[in-house]
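Work through the exercises below with the structure open beside you. Try each task before reading its solution.

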Amino acid sequence: MNLRDVAHRAGVSVPTASRVLSGSDYPVAQDLRARVLDAARELDYVPNAQAQALLRGDPRTVGVLVGTVDDPYFSEIVNGVQDVATAQHLLVTICNTDRDIDRELEYFRLLQAHRTGYVIVAGSGLVDPRYVAEMGARIRSFTASGGRAVAIGHPQVEVDRVVTDNTGGAEQLGRHLTALGHRHVGVLVGVASVSSTIERLAGLRAAIQAKGGTLHLRHGEPTRDSGYTGAGELLDAHPQITALVGTADQMAIGALSWLREHDRRVPEQVSVAGFNDIAVSRDLQLTSVRLPLRQMGATALQIALAPAPDDALVQTELPTELVVRATTGPARTHP
């Protein structure tokens, strides 16, 4: 079924049918408009969105660049983007970059080539000179062609953004641990080159060292398995550790599994905490720094849909919150 069939059924010209179904501002008499819409419904005609995009220059599509789609951090952000997109009748395309610089840049180029209207860079914040230079160039090209890009996090490039106070949230967690007597804290560090990880480490370090404490670091992927392995390695190397912190909840959850399997009581022998407060963390009663992940995604798309200001970048900061649960308690007083 094509546009010509709709025009024939409605008894109008093909250009008239096209103007009605493409959402054109060209004036069409109400009776003709109604006949075209009725004919389209009767024939189950679906307009060619790509062709309309080429004609209008305003495609109703959103691209979301995420690190890994199975990471609860990103999946909740995508849910927030989808909330707004659904209300605005926008189509969302999710691009899983696996935190690979070249893949992220290539996906962005493909989104631009397909005339995507809006791009949410949810995996932004890599502290890497090549990434900063090439992503900055891609964003400038995209906006010059009429697109709108918004980043989530603290990218090193000039772009509208949604940010959270990772450093402040980490300081809150650090003060909570030191108030409980913890001075040797093991940190399961996710992707070290991402600004959010850097900020979380800085906040923890400031709070722990202010009380004469020490951080013991173990780097790995922000996954449950990495947290599981890392917990064992940290406690073997530094048996004086009384608290473990994952820079992502998945790592802290892996640490909980290792401790349970090795008969270490939580929090009596080792306290555990994480970041992001994903859904399963509540079930496990994990102390965590809560980020409003769904709101972050929704806010990013809302910014993208609003007219861009002429004189300044848009930056919206959302609060973090320390949620204390059963996995943190007083530090043990003996080895």
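Contact here means heavy atoms within 4.5 Å. The model is predicted.

**Exercise 1. Which residues of α8 and α9 meet, and at what angle do the helices pack?**

Step 1. Locate the helices. α8 covers residues 166-179, and α9 covers residues 195-210.

Step 2. Take the geometry. The two pack at an angle of about 35°, with axes 7 Å apart. Their crossing is right-handed.

Step 3. List the contact. From α8 come N166, T167, A170, E171, L173, G174, R175 and T178. They meet S196, E199, R200, G203, L204, A206, A207 and I208 of α9.

Step 4. Sort by class. This contact holds six nonpolar, six polar and four charged residues.

**Exercise 2. Are T167 and E171 buried or exposed, or in between?**

Step 1. T167 is in α8.

Step 2. Apply the cut-offs. Buried means under 20% relative accessible area, and exposed means over 50%. T167 has 27%, so T167 is partly exposed. E171 has 27% relative accessibility and therefore counts as partly exposed.

Step 3. Find their partners, leaving aside neighbours within four places in sequence. T167 is in contact with E199 and G203. E171 is in contact with G203, L204, A206 and A207.

Step 4. Check the C-alpha separations. T167 and E199 are 32 residues apart along the chain, yet their C-alpha atoms are separated by 4.9 Å. For E171 and L204, 33 residues apart, the value is 5.3 Å.

**Exercise 3. Why are α10 and α11 called oblique to each other?**

Step 1. Get the angle. α10 (residues 224-237) and α11 pack at about 55°, and their axes are 6 Å apart.

Step 2. Compare with the ranges. Angles under 35 degrees count as roughly parallel, over 145 as roughly antiparallel and 65 to 115 as roughly perpendicular; the rest are oblique. Therefore α10 and α11 are oblique.

Step 3. The crossing is right-handed.

Step 4. List the contact. α10 supplies R224, S226, G227, Y228, A231, G232 and L235. Their partners in α11 are Q250, M251, G254, A255, S257, W258, L259 and E261. The contact divides into seven nonpolar, six polar and two charged residues.

**Exercise 4. How are α2 and α3 oriented to each other, and which residues meet?**

Step 1. Get the angle. α2 (residues 14-22) and α3 (residues 30-43) cross at roughly 80°, and their axes come within 10 Å. The helices are therefore roughly perpendicular to each other.

Step 2. List the contact. A17, V20 and L21 in α2 meet R33, V36, L37 and A40 in α3.

Step 3. Sort by class. Six residues are nonpolar, none is polar and one is charged.

Note on methods:
Residues numbered from 1 in each chain as written. Predicted model: local features only at pLDDT ≥ 70, side-chain atom pairs only at ≥ 80, totals over all residues. Heavy atoms only, no water. Axes fitted to C-alpha atoms, helices over the stretch in contact; angles between N-to-C directions. Helix = DSSP H or I, 4+ residues; strand = E, 2+ residues; numbered from the N terminus. Left-handed = near helix turned anticlockwise from the far one by under 90°. Nonpolar A, V, L, I, M, F, W, Y, C, P; charged D, E, K, R; others polar. Buried < 20%, exposed > 50% of the residue type's maximum accessible area, 1.4 Å probe, protein only.
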